[in-house]
Amino acid sequence: MASDAEKRISEQVSGKTFDQAVISLDGKHLYPVHAGIPLLIPQAVIDLSGPKSTLDAKPVDANIRRLER
Amino acid sequence: MTLANLLSEDQILPDLKAEVRWEAISEIVDLLVRSGRILPGDSESVLEAIRQREQTMSTGIGLGIAIPHASSDKVQEVVAGFGRSKRGIEFDSLDGQPVSFIVLFVVPKDQFQTHLRTLAAIAKFLNDRTVRDELSAANTASDILGVFQRRSP
């Protein structure tokens, strides 16, 4: 069952396009990027080349889990 | 821009005195004021921006690492400071463990891409166990700067 944080991310990214994504610190998950204060500490930033990609939210990592607290 | 280019010896504290998160952040911001990277009259504004970010979620990401950061119209370029604690600092970290290494940085307002890439570069750098071991073993600010110069991307 999706957590509240995961649902929020899904709602934010659903059907939208993004120029960049970040790899989570554990290297397992990919998150889209939009302007604002970076809440996620990323391991790396990826420029999405070619046509802008539509990303789906991936399972939350530990950083995002902390949003629930 | 490399991480090493963000730092000089006078932006490095090899032995933080602070024992808790807010004291440690203040200690590093004070260092940046003394080194002339932040104007004395701007320090409270910068501190407040960092506090707001920390209150959203601690930047203590585990493995003894914390990366407090914020954007501010009080800086014209990326300003960074590094602090090491030999005793460890209570930081409300992800893994609940004390923090030994703090890289604090401030990015000019509206430079989101720079903000994100700086954050990623620092996280990737400190995720390397060899880097953390060398930072622990370093004796002086000069030695610590040497680790950044040798190891950072």
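1. What radius of gyration does chain B have, and what would a compact globule with 153 residues have? Chain B has 14 Å, which agrees with the value near 15 Å that a compact globule of 153 residues would have. The radius is taken over C-alpha atoms, and the globule rule is 2.2 Å times the number of residues to the power 0.38. The C-alpha trace of chain B spans about 35 × 30 × 30 Å along its principal axes.

2. This is a predicted model, in which local features need pLDDT of at least 70, side-chain atom pairs count only at pLDDT 80 or more, and totals for chains, interfaces and linings use all residues. Residues are numbered from 1 along each chain as its sequence is written, chains are lettered from A and ligands numbered from 1 in the order in which they are written, and side-chain values use heavy atoms, with hydrogens and water left out.

3. On confidence, the model scores ipTM 0.73 and pTM 0.84. The pLDDT is the predictor's confidence in each residue, from 0 to 100. Chain B has a mean pLDDT of 95, with 99% of its residues at 70 or more. For chain A the mean is 61, and 32% of its residues reach 70 or more.

4. The pLDDT is below 50 over residues 56–69 of chain A, a stretch that has 45 contacts in the model beyond near neighbours in sequence. Contact means heavy atoms within 4.5 Å. Where pLDDT is low, the predicted coordinates should not be read in detail.

5. Chain B contains six helices and six strands. Its order along the sequence is α-β-α-α-β-β-β-β-β-α-α-α. Helices (H or I, at least four residues) and strands (E, at least two) are DSSP runs, numbered from the N terminus.

6. In chain B, 55% of the 153 residues count as buried. Buried means under 20% relative accessible area, exposed over 50%, and partly exposed in between (1.4 Å probe, protein chains only). Of the contacts in chain B with a separation of 6 or more, 68% are between residues 24 or more positions apart.

7. The accessible surface of chain B is about 6,700 Å², and carbon and sulfur atoms hold 45% of it. Accessible areas come from the Shrake-Rupley method with a 1.4 Å probe; for residues, only the protein chains shown count as cover. Chain B carries 17 positive and 21 negative side chains, and the centres of the two sets lie 4 Å apart. Lys and Arg count as positive and Asp and Glu as negative, while His and the chain ends are not counted. Each charge is placed at NZ of Lys, CZ of Arg, CG of Asp or CD of Glu.

8. Helix H6 (residues 141–151) of chain B has buried residues B:Ala141, B:Ile144, B:Leu145, B:Gly146, B:Val147 and B:Phe148. Their cover includes helices H1 (3–6), H4 (112–126) and H5 (129–137) and strands E1 (12–13), E5 (79–89) and E6 (99–108) of chain B. B:Arg151, also in helix H6 of chain B, is partly exposed at 39% relative accessible area. Not counting residues up to four places away in sequence, B:Arg151 touches B:Phe125, B:Thr130, B:Val131 and B:Glu134.

9. B:Arg21 lies in helix H2 (residues 21–34) of chain B and is buried, with a relative accessible area of 11%. Its contacts, leaving aside neighbours within four places in sequence, are B:Glu54, B:Ser58, B:Ile89, B:Glu90, B:Phe91 and B:Asp92. B:Asp92 is in the loop between E5 and E6 of chain B and is partly exposed at 40% relative accessibility.

10. Most residues other than glycine have a negative phi. B:Asp92 has a positive phi of about 55°. Phi of B:Leu63 is positive as well, near 60°. B:Leu63 lies in the loop between strand E2 (60–62) and strand E3 (65–66) of chain B, partly exposed at 49% relative accessible area.

11. A:Ala44 is in strand E4 of chain A and counts as partly exposed at 22% relative accessibility. Leaving aside neighbours within four places in sequence, A:Ala44 is in contact with A:Ala21, A:Val22, A:Ile23 and B:Ala120. A:Ala44 and A:Val22 are 22 residues apart in sequence and 5.7 Å apart in space, C-alpha to C-alpha.
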